[in-house]
Amino acid sequence: MVTETPKEEVANSNPLANSRIAFIGLGVMAEAIAAGLLRKGLVKPEQLVGSHPRSARREELYTKHGIEMFEQNREAVEAAYPSDSLSGSLVILGIKPQRLTKVLDELKGSLHQDQVVVSVVAGAKIETIADELLHASVVRTMPNTPAQIGEGVTAWTSSDAVTELQEQQVRAMLEALGKTVRVENERQIDMATALSATGPTYIFLVMEALIDAGVHMGFSRHVSQELVQQTILGSVLFARESHKHPAELRNMVTSPGGTSAEAIYQMEKGSLRTVLSKAVWAAFQRAEALGGTRKE
Ligand SMILES: NC(=O)c1ccc[n+]([C@@H]2O[C@H](COP(=O)([O-])OP(=O)(O)OC[C@H]3O[C@@H](n4cnc5c(N)ncnc54)[C@H](OP(=O)(O)O)[C@@H]3O)[C@@H](O)[C@H]2O)c1
């Protein structure tokens, strides 16, 4: 079970206290970060600024979260770096990959040396961002869609210029989306792209197939969905709490000649493991290919 730290405890240990955060491109993922930070009491609305090209979206974000919004991306970067006492300034790149080159070009040379850039843009390499921005401190992250409800997992890695305090701030910020895993290099970001960022797709497909199987047997779609969703949720929580290997848990419910044994036989015959392994590997190769060619 994921638990939230009470707000009073946060105040003493919060590396984001007195920091400012600018969101460049406040879409689904960046809003999930901002909302998570506010919900957990890690920042106050006045610590956040953002930029967005559409005025309706700017108004929506101000009304919903109290985030000061700018039309120009450079203005948001500047507003996240006030002259008063400040213990860190983070600039989050939340735009789509297709917009990255244009936005980096706009922001070129506008960052202060002690600001840290945090990119959630899929496929965008640290070197590309650092070179385009003329800025050395860059963190690359790879969240996944359950981040939108604070149950995601985000892999991240940083350039050598990122300080220890900045890393603590980034980790605290990403924890607003769920769990975080610091990986060693960008190859592992591509690996996480295939496993955890693409991961919900595998699970949703399995979920859909099981629900359809329930309907095939005669359950209504509603009942089948309820049974499947809670089975998947409960199995994950049980596996986590029992600390047992999945094979051990599976063996516990596989009696000789029983239903599980029959079902496992069919899944192995259909090469389910091989198909999953091939799918993850294909996604990894795709992530590497996109990262190598995505320059726009
Ligand atoms: N969503 C996920 O689960 C997920 C998971 C992993 C990684 N990511 C990465 O997160 C990034 C954002 O994804 P998202 O799903 O949050 O996309 P999104 O909702 O489309 O967010 C991007 C936002 O940027 C705005 N924008 C467009 N041009 C801009 C510009 N020139 N300057 C500033 N803002 C601009 C867009 O406005 P309009 O609405 O007007 O286009 C949109 O609101 C992507 O790079 C993606 O690879 C997302």
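This is a predicted model: local features need pLDDT of at least 70, side-chain atom pairs count only at pLDDT 80 or more; totals for chains, interfaces and linings use all residues.
1. Start with two strands. Strand β1 (residues 20-24) runs parallel to strand β2 (residues 48-51), and four bridges hold the pairing.

2. β1 and β2 belong to an open sheet of eight strands, in the order β3-β2-β1-β4-β5-β6-β7-β8. The pairing is mixed. β3 (68-70) and β8 (178-182) stand at the edges, and each has a single partner strand, so one side of each lacks a neighbour in the sheet. From one strand to the next, the twist averages 25 degrees. As background, strands of a sheet pair through backbone hydrogen bonds, and they do so either parallel or antiparallel.

3. Which strands does helix α2 lie across? Helix α2 (residues 28-39) lies across β1, β2 and β4 (89-93). Its direction makes an angle of about 155 degrees with β1.

4. Look next at leucine 90. This residue sits in strand β4. Is leucine 90 buried or exposed? Leucine 90 is buried, because its relative accessible area is 0%, and the cut-off for buried is under 20%. Its contacts, leaving out residues up to four places away in sequence, include Arg20, Ile21 and Ala22. Val116, Val118, Gln169, Val170 and Met173 are also among them. The C-alpha atoms of leucine 90 and leucine 48 are 9.7 Å apart, although 42 residues separate them along the chain.

5. Move to strand β7. Six of the seven residues of β7 (residues 152-158) are buried, so the rest of the structure largely encloses this strand. How do β6 and β7 run, parallel or antiparallel? Strand β6 (residues 138-142) and β7 run antiparallel, joined by four bridges. Methionine 142 has alanine 155 as its bridge partner in β7. On to β8: five bridges join β7 to β8, and these two run parallel. Threonine 154 stands opposite threonine 180 in β8.

6. Threonine 193 counts as buried because its relative accessible area is 15%, which falls under the 20% cut-off. Which residues does threonine 193 touch, beyond those up to four places away in sequence? Threonine 193 touches Met142, Thr198 and Ala287.

7. Turn to the surface. Met217, Phe219, Val223 and Leu227 make a nonpolar patch of about 390 Å². Methionine 217 is found in helix α9 (residues 199-217). Why does methionine 217 count as exposed? Its relative accessible area is 67%, and exposed means over 50%.

8. Finish with the whole chain. It has 13 helices and eight strands. Along its principal axes, the C-alpha trace spans about 70 × 45 × 40 Å. Of the 296 residues in the protein chain, 41% are buried. The accessible surface comes to about 16900 Å², and carbon and sulfur atoms account for 56% of that surface. Among contacts between residues at least 6 apart in sequence, 65% join residues at least 24 apart.

Technical notes:
Residues are numbered from 1 along each chain as its sequence is written. Side-chain values use heavy atoms; hydrogens and water are left out. Two strands pair if DSSP finds at least two bridges between them. Axes are lines fitted to C-alpha atoms, for helices over the stretch in contact, and angles run from 0 to 180 degrees between N-to-C directions. Contact means heavy atoms within 4.5 Å. Patches are made of residues with over 30% relative accessible area and no salt bridge: like charges are joined within 9 Å, nonpolar side chains (Val, Leu, Ile, Met, Phe, Trp, Tyr) within 5 Å. Accessible areas come from the Shrake-Rupley method with a 1.4 Å probe; for residues, only the protein chains shown count as cover. A salt bridge is a side-chain nitrogen of Lys or Arg within 4 Å of a carboxyl oxygen of Asp or Glu. Buried means under 20% relative accessible area, exposed over 50%, partly exposed in between (1.4 Å probe, protein chains only).
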